[in-house]
Each structure stands twice: as C-alpha cells, then as structure tokens.
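I opened the model and kept notes as I went. The entries follow in the order of looking.

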Amino acid sequence: MSDDPKLDFYLENRALIQEWAKLREPAATALDRELLAAAGRLTEGDDIPDPQIQEDRARSVKLHVTPDPLPVWLELWWEKGKLLTGSGGWPQLIIAMDPKHRHVRDAVKNATRSAHDAHGMTSTGSGAAWWLRYGEIPPQSEPIVIEEYAEHCVQRLRDAWLDLHATIKEAVEKNTAPS
C-alpha cells in the first residue's frame, strides 16, 4: 500500500481498468453511428436546409447559411477515432467560413458574439483558421445514453442555425454589397 489512495485503487483494479479501456473503441463506434443517424433526421420538423454530411476520418454535418462564392456554415464536427477520449473527445459546434475574406469574416465574428454564451462556442479561430467560433459539446450528465447524447448534439446544431442564420446572412450581405 502506498500513501496515495488513487494509486492503490489503480493497482488493485488494474486488470479491470485495462479491460474496460478496451471498450472505448466499440463505444466510440456506436456513438459515431448514432451521431450520423441523428444527423440524417436533422431536417425533420424545422425550416432548415438539407445538411451536407461528410463521413471521412473527420465527420461533419454542415448547414449552409450563405452559398458560394462566399459560403458560411454552421457545423457539427468530430473525429471518430477521438470520440470518448480525454482531449477532443466530444463533437464540436462550429461557425466556419473561408479565412481569405477577412473583412466579411470579422463582420460575421462580431455579429455572432452571442454564440459564446447561447451556444457554447467559447473559442474563436485566428485569422487564418476556417473556424470562426467553436466549442465542444460535452455530455450534460454521466452515464452517457448514446442515442440521447447524439440527438442532443444535433439539436444544438439545429438550435444554433435557427438562432444565428439570419444574423450571419445579414452580416455577409452588408459587407459584400457593392459600394
């Protein structure tokens, strides 16, 4: 026995802890599957655009606010391999646009300050980043019920789009109108 109760706990339960750690990958796969399924139901009942769902290594569900040539979108983003890990283990809610349009980017960033508190987008991207505002969506409680958590994440995307799309569109239009 050591002087550290946490160390003692680990040493006494090491075999079980290692066994449980092996469950992270199948649990992450189940969460990934539920996030994609919930994204497929995103447009049910609301007046929002069809989502653009990408199923690469990094997954994303995008709801476009403005089209090309100056697209701005809200996005739910995660990496399947990082789900349920300590760092970057939860989906991110994001406002994104091409960083080369600095003037418009700054206007959208200023117009969406409310996203910090209202939608948990507590971080801001630098001038060279596509992500204007973003924040992780941790579970509200433990243990996690995967289906409910996935629906919660997609609901957060839906709520952010409904709340912010008009503000974002107005900021883009005001800053791209011919003088």
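Predicted model: local features only at pLDDT ≥ 70, side-chain atom pairs only at ≥ 80, totals over all residues.

I started at Pro143, which sits in the loop between β6 (131-136) and α5. Next I looked up Leu84. Leu84 has a positive phi of about 70° although it is not a glycine. I found Leu84 in the loop between β3 and β4. I flagged both spots because most residues other than glycine have a negative phi, and most peptide bonds are trans.

**Entry: overall layout**

I then stepped back to the whole chain. I counted five helices and six strands. Reading from the N terminus, I get the order α-α-β-β-β-β-α-α-β-β-α. The C-alpha trace spans about 75 × 35 × 25 Å along its principal axes.

**Entry: the sheet**

In what order do the six strands lie in the sheet? I traced β1-β2-β3-β4-β6-β5, an open sheet with antiparallel pairing. β1 (52-55) and β5 (123-124) stand at the edges, and each has a single partner strand, so one side of each is left without a neighbour in the sheet.

A hairpin of two residues connects β1 to β2. Four bridges join β1 to β2 (residues 58-66), and the two run antiparallel. I noted two residue pairings here. Gln52 has Lys62 in β2 as its bridge partner. Gln54 stands opposite Ser60 in β2.

**Entry: α5 on the sheet**

Which strands does helix α5 lie across? I found α5 (residues 146-174) across β2, β3 (72-79) and β4 (92-97). Its direction makes an angle of about 150° with β3.

**Entry: α5 against α2**

I took the helix pairs next. The axes of α2 (residues 24-40) and α5 come within 8 Å and cross at roughly 45°. That angle makes α2 oblique to α5. The crossing of α2 and α5 is right-handed. From α2, I listed Ala27, Ala30, Leu31, Glu34, Leu35, Ala38 and Ala39. They meet Ile146, Glu147, Tyr149, Ala150, Glu151, Cys153 and Val154 in α5. Sorted by class, this contact has eleven nonpolar, no polar and three charged residues.

**Entry: α5 against α3**

The axes of α3 (residues 102-111) and α5 come within 9 Å and cross at roughly 150°. Angles over 145 degrees count as roughly antiparallel, and α3 and α5 are therefore roughly antiparallel to each other. I read the crossing of α3 and α5 as right-handed. Val104, Ala107, Val108 and Ala111 are the α3 residues in the contact. Their counterparts in α5 are Thr167, Ile168, Ala171 and Val172. By class, I have seven nonpolar, one polar and no charged residues for α3 with α5.

**Entry: aromatic pairs**

How many aromatic pairs does a search of the whole structure find? I got four. I wrote down one of them, Trp90 with Tyr149. Their rings are edge-to-face, 5.5 Å centre to centre, with 75° between the planes. Trp90 is in the loop between β3 and β4, and Tyr149 is in helix α5. The two are 59 residues apart, so I logged the pair as a link between distant parts of the chain. Tyr149 was already in my notes, among the α5 residues that meet α2.

Conventions:
Residues numbered from 1 in each chain as written. Heavy atoms only, no water. Pairing = 2+ DSSP bridges. Contact = heavy atoms within 4.5 Å. Axes fitted to C-alpha atoms, helices over the stretch in contact; angles between N-to-C directions. Parallel < 35°, antiparallel > 145°, perpendicular 65-115°, else oblique. Left-handed = near helix turned anticlockwise from the far one by under 90°. Nonpolar A, V, L, I, M, F, W, Y, C, P; charged D, E, K, R; others polar. Phe/Tyr/Trp six-rings, centres within 6.5 Å; stacked < 30°, edge-to-face > 60°.
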